[in-house]
Amino acid sequence: MQITLHKLKKINHNSKITITGSKSESNRLLLLQALYPELTIENVSNSDDSQLMMNALKSKSDFIDIHHAGTAMRFLTAFFSIQDGRNMTLTGSQRMKERPIKILVEALKSLGADIEYLENTGFPPLKINGKKITKSKATLQANVSSQYISALLLIASKLENGLELTLEGEITSVPYINMTLSLLDEIGVESSFVGNTIKVKPIPIAIGTNNQQPTTLTVESDWSSASYFYSMVALSEVGVEITLSSYKKNSLQGDSSLVEIYKKFGVTTVHNKNSIQLKKTSILNGKEQIELDLTNSPDIAQTIAVTCFGLGIACDLTGLHTLKIKETDRLVALKTEIEKLGGEVAITDKSLHLKPNRLFLQEINSPPLEGFGEAVATYNDHRMAMAFAPLALKTSLFIEDAYVVSKSYPTFWDDLKTVGFKIDK
């Protein structure tokens with residue numbers, strides 16, 4: 001469904017929004033809960049992806065379709081590989097069948113897993129014949145997706161002899177690996193990460209039996225979802241504030257780097273007991289050029305690129321090699337949609353370069369919808385819809401297939417109305 005975002009003069013002063021639990025943390029903990037049923041999880045993400053993950057883990061079927069949920073595909077491939085005696089077909093959307101999974105499958109097969117490709121080699125759908133795995137050493141290419149690494153780490157403590165994982169090449173998205181290891185530590189699983197080797201010890205008993213580790217874990221709110229509100233504040237006038245909850249100062253999530261990154265856009269973050277307050281404290285002069293290596297937080301690249309475009313400033317974003325295998329090729333999608341709106345973008349297979357465009361800012365005085373007759377396409381990608389939405393602080397615009405946001409943030413458009421946005425279907 002297409003929606004219209006009408007040009008908004010300013011967001012409501014000191015709006016307060018509660019954001020659901022992190023999808024990344026939720027999906028990891030849901031898998032751990034399936035392995036250790038004594039665990040209780042609070043504030044689980046209400047995203048489509050987490051719901052699909054939850055349903056798949058509870059399902060008794062021998063056929064599971066996880067649609068567009070890439071994290072679920074990777075994590076469930078590892079999970080079902082160790083379900084001794086259970087045979088499973090794991091598939092997804094057409095786009096999912098184009099997203100590579102060979103690196104993970106080959107690592108699992110080297111441990112002794114029984115997995116077959118049902119269509120194209122290296123891609124879903126997969127036939128997984130669950131079995132007991134006794135081998136404990138594997139090697140994995142680490143510069144493509146950290147989710148392959150996390151998938152192995154999440155099942156490692158249930159392997160008879162644990163896991164020693166050797167990573168080859170430059171390691172991408174390290175904070176997501178550390179998130180996985182930190183969650184394992186919280187439930188009492190011992191691990192180490194030294195150089196390019198990760199070791200996880202096995203736990204054959206129930207969590208909490210011989211230690212004082214908690215069996216109830218609360219998921220922190222999602223920092224990726226917070227990024228869109230950082231963008232709104234950055235595109236606003238000095239003095240505008242938004243309060244978001246519930247967040248921790250020492251977050252496990254790599255996207256908490258937003259705090260430092262958005263200082264460059266004049267946005268200050270104040271940590272309160274269980275919330276953060278975003279405040280626009282300064283205006284840019286228009287001559288800035290933002291240079292960022294987003295290797296550790298690629299999911300906020302779209303938000304940052306659109307923020308820069310809305311402010312009329314240049315940016316050079318690197319470390320984006322994982323964006324090409326997401327819900328869509330996000331680099332191509334960003335280039336296409338920003339250029340629709342008059343921007344100029346150059347991309348490589350791992351970077352994006354946006355030229356400054358002061359002409360865009362002249363559109364803020366144009367009549368609603370004039371000059372932006374083409375809708376922003378979303379390519380079945382939730383982050384495309386949400387990243388472009390803050391531009392309504394500069395001009396009216398259309399968003400195609402707007403409810404794709406349910407993949408990670410189902411209440412996004414309702415929360416935007418709370419902030420003051422005017423939205424028509």
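Student: How much space lies in the largest cavity?
Tutor: This is a predicted model, and its largest cavity holds about 340 Å³ of space.

Student: Which residues are the closest to the centre of the largest cavity?
Tutor: They are Lys23, Thr71, Gln147, Asp299 and Lys326, out of 26 residues that line the largest cavity. Helices α1 (23-35), α3 (70-81), α5 (146-156) and α12 (382-388) each give two or more residues to that lining.

Student: And by class, what is in that lining of the largest cavity?
Tutor: The lining has 12 charged, 10 polar and 4 nonpolar residues.

Student: How many cavities of 30 Å³ or more are there in the whole structure?
Tutor: The search finds 2.

Student: Turning to the rings, how many aromatic pairs are found?
Tutor: The whole structure has 8 aromatic pairs. One of them joins phenylalanine 79 and phenylalanine 80 edge-to-face, at 5.2 Å centre to centre and with 75 degrees between the planes.

Student: Are phenylalanine 79 and phenylalanine 80 buried or exposed?
Tutor: Both phenylalanine 79 and phenylalanine 80 are buried.

Student: Why is the pair of phenylalanine 229 and tyrosine 409 called tilted?
Tutor: The planes of phenylalanine 229 and tyrosine 409 stand at 50 degrees, so the pair is tilted; the ring centres are 6.5 Å apart. The pair links distant parts of the chain, with phenylalanine 229 in helix α7 and tyrosine 409 in the loop between β20 and α13, 180 residues apart.

Student: Which residues do ring pairs link into a cluster?
Tutor: Tyr228, Phe229, Tyr409, Phe412 and Trp413.

Definitions and conventions
Residues numbered from 1 in each chain as written. Predicted model: local features only at pLDDT ≥ 70, side-chain atom pairs only at ≥ 80, totals over all residues. Heavy atoms only, no water. Phe/Tyr/Trp six-rings, centres within 6.5 Å; stacked < 30°, edge-to-face > 60°. Buried < 20%, exposed > 50% of the residue type's maximum accessible area, 1.4 Å probe, protein only. Helix = DSSP H or I, 4+ residues; strand = E, 2+ residues; numbered from the N terminus. 1 Å grid on protein atoms, 1.4 Å probe; cavity = no way out; pocket = protein on both sides within 12 Å on 5 of 7 lines; lining within 4 Å. Points joined across faces, edges and corners; volume = space filled by probe spheres on them. Nonpolar A, V, L, I, M, F, W, Y, C, P; charged D, E, K, R; others polar.
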